[in-house]
Amino acid sequence: MCIQELHFSHLHIPVTINQKFLVHPSSPTPANQSPHHSLYLSNLDDIIGARVFTPSVYFYRSTNTRESLVLERLRDALAEVLVPYYPLSGRLREVENGKLEVFFGEDQGALMVSANSSMALADLGDLTVPNPAWLPLIFRNPEEEAYKILEMPLLIAQVTFFTCGGFSLGIRLCHCICDGFGAMQFLGSWAATAKICKLITDPEPVWDRETFKPRNPPMVKYPHYEYLPIEERSNLTNSLWDMKPLQKCYRLSRQFQCRVKSTAQAQDSSLVCSTFDAMAAHIWRSWVKALDVKPLNYNLRLTFSVNVRTRLKTLNLRKGFYGNVVCLACAMSSVDSLINDSLAKTTRLVQEARLRVSEDYLRSMVDYVEVNRPKRLEFGGKLTITQWTRFEMYETADFGWGKPVYAGPIDLRPTPQVCVLLPQGGVEPANDEQSMVVCLCLPPSAVHNFTRILSLNDCT
């Protein structure tokens, strides 16, 4: 099947928290050498869009290992890894002009939580589809404010044991410290260290946030529409935020992705695009059509992260750098054009936005933030696509008990204008390893139309 709508179980997972404890680096770090030690964060790290925790969960089948030993191995390995990755044991605070820095104190460290559930993994339904019901598997203080990051542990890990002998590892990692690639580097080190009970860092982590300091004076060369305030005069807010949207997931085969790309290129013989360009354009158009966005002259944006590591020409970025090196690309179009223009034309918009992101664009964005530091997240008038398909989450997260059954996000509803592209996972070897899972939020009234349009039944 080229495209398959996926379903998850609506259930309540009872979870009992047994203990909470801080994990400190197992040996002295540079933070111990000075009572006022702090670390600089670049404007890529502390831009408003990075001031969030990225939640994810990893499920593991029966380990045949006592719960206490599983917890001990994870804790001890984390303590070892927090030596080279000691910034994750710190906290964030604001300094001049609202800029963030990492600081350290006696009672800091990563937070670990041990929990139990009276359910078995089999009771959770399909473990290959992100399910908002899994939220109890990621620790959050009951009184915690939304988007709170100041003076919070920068890494929060909850280990929940199930009656079948399996367990989940729910992680909240502060985006200010690392982007997705940096997170995979850290997670890989933690997992490898747990697996052989010896510190493994390959590559050695590098801080070096000063590499991305703004120029003096700042030189903003591009308009950076991705960060401009959005005039809210469409029906999107009501459709997505007020109507209690549903989280929907679709499995798209590699064959289907190639078909979308071929359709776009057949419409314009001069178009040579990536599969991502065509798929992002197709999802964007399908979303706008299904939501019946009005008015037709309203300008919409599509934003997505571009990894700039491979595009740096003059900035010397050392191997092992785990900070944020991503830049938002932004495509713009009126509702009318998205509905009536060809898939090829929208694909070209996405491609141009992606190719626009260069080292020069990144430097301009760093300087833009220095001059016009955005104060709030902008959601209205846009769709944001996040690619988790680029991360080797399943290969990375083997702590010694095999690859996880599922690795990825849980609940997209708090940010219903975000679409996540996930790699194919699951307990059984996939017969199409390059399948992709598309997850996004839709109002109930738009689900049928979106499914139909996404299936290329309305691809003009």
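Trainee: What makes the space of about 40 Å³ count as a cavity?

Mentor: A cavity is a set of points on a 1 Å grid over the protein atoms alone where a 1.4 Å probe fits but cannot get out. The largest cavity holds about 40 Å³, and the search of the whole structure finds 1 cavity of 30 Å³ or more. Please remember that this is a predicted model, where local features need pLDDT of at least 70. Residues are numbered from 1 along each chain as its sequence is written.

Trainee: How do you know which residues line the largest cavity?

Mentor: Lining residues have an atom within 4 Å of a point. Thr128, Tyr394, Tyr406, Ala407, Leu422, Pro423, Gly425 and Val437 line the largest cavity. Strand S14 (406–408) and strand S15 (418–423) each supply at least two residues of that lining. The lining divides into 6 nonpolar, 2 polar and no charged residues.

Trainee: Why is Leu22 called partly exposed?

Mentor: Buried means under 20% relative accessible area and exposed over 50%, with partly exposed in between (1.4 Å probe, protein chains only). Leu22 has 33% relative accessibility, so Leu22 counts as partly exposed. Leu22 is found in strand S2, and touches Arg91, Asp107, Gln108, Gly109, Ala110 and Leu111, leaving aside residues up to four places away in sequence; contact means heavy atoms within 4.5 Å.

Key: This is a predicted model: local features need pLDDT of at least 70, side-chain atom pairs count only at pLDDT 80 or more; totals for chains, interfaces and linings use all residues. Side-chain values use heavy atoms; hydrogens and water are left out. On a 1 Å grid over the protein atoms alone, a cavity is a set of points where a 1.4 Å probe fits but cannot get out, and a pocket is an open set with protein on both sides within 12 Å along at least five of seven lines; lining residues have an atom within 4 Å of a point. Grid points are joined across faces, edges and corners, and a volume is the space filled by probe spheres set on the points. Helices (H or I, at least four residues) and strands (E, at least two) are DSSP runs, numbered from the N terminus. Ala, Val, Leu, Ile, Met, Phe, Trp, Tyr, Cys and Pro count as nonpolar, Asp, Glu, Lys and Arg as charged, and the others, Gly among them, as polar.
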